Amino acid sequence: MNVSVVGSGYVGTSVAACFADLGHDVTAIDIDPDIVERINAGESPIHEPGLPELIEEHAGGRLRATTEHEALLDTDLTFVAMQTPSREDGSIDLSVVEAGMRDVGETLAEKDDYHLVVVKSTVIPGMTEERLTPVLEEASGKTAGEDFGVAVNPEFQSQGSAVEDFMHPDKLVFGTDGDQRALDLLHELYAPLVEANEGDVPVVETGQREGAMIKYANNVFLAAKISTINELGNICKEFDVDSYAVADAMGLDDRIGEQFLNSGVGWGGSCFPKDTDALRAAARSKNYDPVLLDAVVAVNDHQPMRMLELLERHVDVAGKRVAVLGLAFKSGTDDIRGSRATLVIEGLLNRDAEVVAYDPIAADNMRETFPDIEYASSAAEALEGAHGALVVTDWDEFAALDDEFDAMAESVVVDGRHIVEEREGTVYEGLTW
């Protein structure tokens, strides 16, 4: 099929490359000429394992990029994968997506055949029907459901495993409100993916509102699961109980499952914080008080402070060099959005500590937020002369650290990710164990 993808961020770029790998002809549309140039040159504009190889393989063939929306006229369907950033009150800002929809609508005015517009962006239930579809109708002069279709097809890709998640999904969600032409196109589009997984991909056919809500429900439930295990871990710590031993046993219960039971410094990224805040704000707009979700966020926000409290049991950090190991919100990505390291660094600076930070790939991004702290070129360099170390991201290289801790002025380590081995000669504090 011929597919166009509007927006070349984390989601749009990975979706475009993966569809090309499935055999479709894909056109990525973005207003940034630098991103377009990089994709056409076979370079990935973002850091994501497996993505550079796909773009290099398919650029100039089944994958091309352009700044011109007219390119979607030669495609069967268009994915809109643009950001929905948070406002100060947690609600989402639809202005970027609405602008993208307006461009798509104005272009569709020139097309005679039926065209399907697929919302890949994460939007609150009702926004597709009440705000985005009217923009398309006004800009195109056409009628949704007759001249063109609108569907909601949320993504369930995690940064650091986006390609793997796309190629081996737990489910596909088609929110079409029963538009058979839209359903048929989506089934045809994803047929190679279903076939590659030997037919073992559940397909959920549902309404647009339900499709939108499934995305939020997924992310918010997982965020709640992490905050729950972190709360339990904090209590375990107070009773000198190994929370990881407890979690291993919990995970054997099919009703609970073993995933997302690694307690630690908490969740971050672009999705969990934004989606949880958006759903809380949406609930309040309907006069519903989301007490549980408020608690989920409160527990998560306090975990970095717990790290600092544990460090201060052993070190008065004022005027002391403290190493922060890991700046990305998770390993496998250079994304620092929602990173717990941001709160850790802020807390250290508020305590007048001298901060030295290290991350294998995310340091440049964090430097935009904290330009005045020191950035080391290796974990060993960060640890040298430090009076304390806080492990915030679970990069594999941190698990291999050993003698490097001997170079610290005071070998005090607070591990927020259960990745550093406790060793003789080092004061070791596990955050929840």
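**Basis of the description**

In this report a residue is called buried when its relative accessible area is under 20%, exposed when it is over 50%, and partly exposed in between (1.4 Å probe, protein chains only). The model is predicted: local features need pLDDT of at least 70 and side-chain atom pairs count only at pLDDT 80 or more, whereas totals for chains, interfaces and linings use all residues. Residues are numbered from 1 along each chain as its sequence is written, and side-chain values use heavy atoms, with hydrogens and water left out.

**Salt bridges**

A salt bridge is counted when a side-chain nitrogen of Lys or Arg lies within 4 Å of a carboxyl oxygen of Asp or Glu. The whole structure contains 20 salt bridges. One of them joins E354 to R321, with an N to O distance of 3.8 Å. E354 lies in strand β10 (residues 354-358) and R321 in strand β9 (residues 321-325), so this pair ties together parts that are 33 residues apart in sequence. Helices (H or I, at least four residues) and strands (E, at least two) are DSSP runs, numbered from the N terminus. E354 is partly exposed at 41% relative accessibility, while R321 is buried at 13%.

E98 and R131 form another salt bridge, at 3.2 Å from N to O. Because E98 belongs to helix α4 and R131 to helix α5 (residues 127-140), the pair ties together parts that are 33 residues apart in sequence. E98 is buried, with a relative accessible area of 16%, and R131 is partly exposed, with 31%. The side chains of D335 and R337 meet at 2.8 Å, N to O, in a further salt bridge; D335 is buried at 5% and R337 is partly exposed at 33%.

**Helix α2**

Helix α2 spans residues 33-40, and I35, V36 and I39 are buried within it. Viewed down the axis of α2, these buried residues fall within an arc of 100°, so they line one face of the helix; the arc is that of the directions from the helix axis to the C-beta atoms. An α-helix has 3.6 residues a turn, so residues three or four places apart point the same way. The cover over the buried residues of α2 includes β2 (25-29), α3 (51-58) and β3 (63-66), where contact means heavy atoms within 4.5 Å. P33, D34 and E37 are exposed on the face turned away from the buried side.

At the start of α2, a side-chain oxygen of D32 reaches to within 2.9 Å of the backbone nitrogen of D34. After the helix comes G42, which has a positive phi, near 85°.

**The loop residue S91**

S91 is placed in the loop between β4 (77-80) and α4 (95-108), and is buried, with a relative accessible area of 18%. Its side chain makes a polar contact of 2.6 Å with that of D89. A polar contact is a pair of N or O atoms within 3.5 Å; within protein, one must be able to donate a hydrogen and the other to accept it, and residues adjacent in sequence count only if both atoms are side-chain atoms. Leaving aside residues up to four places away in sequence, S91 touches P85, S86 and A281.
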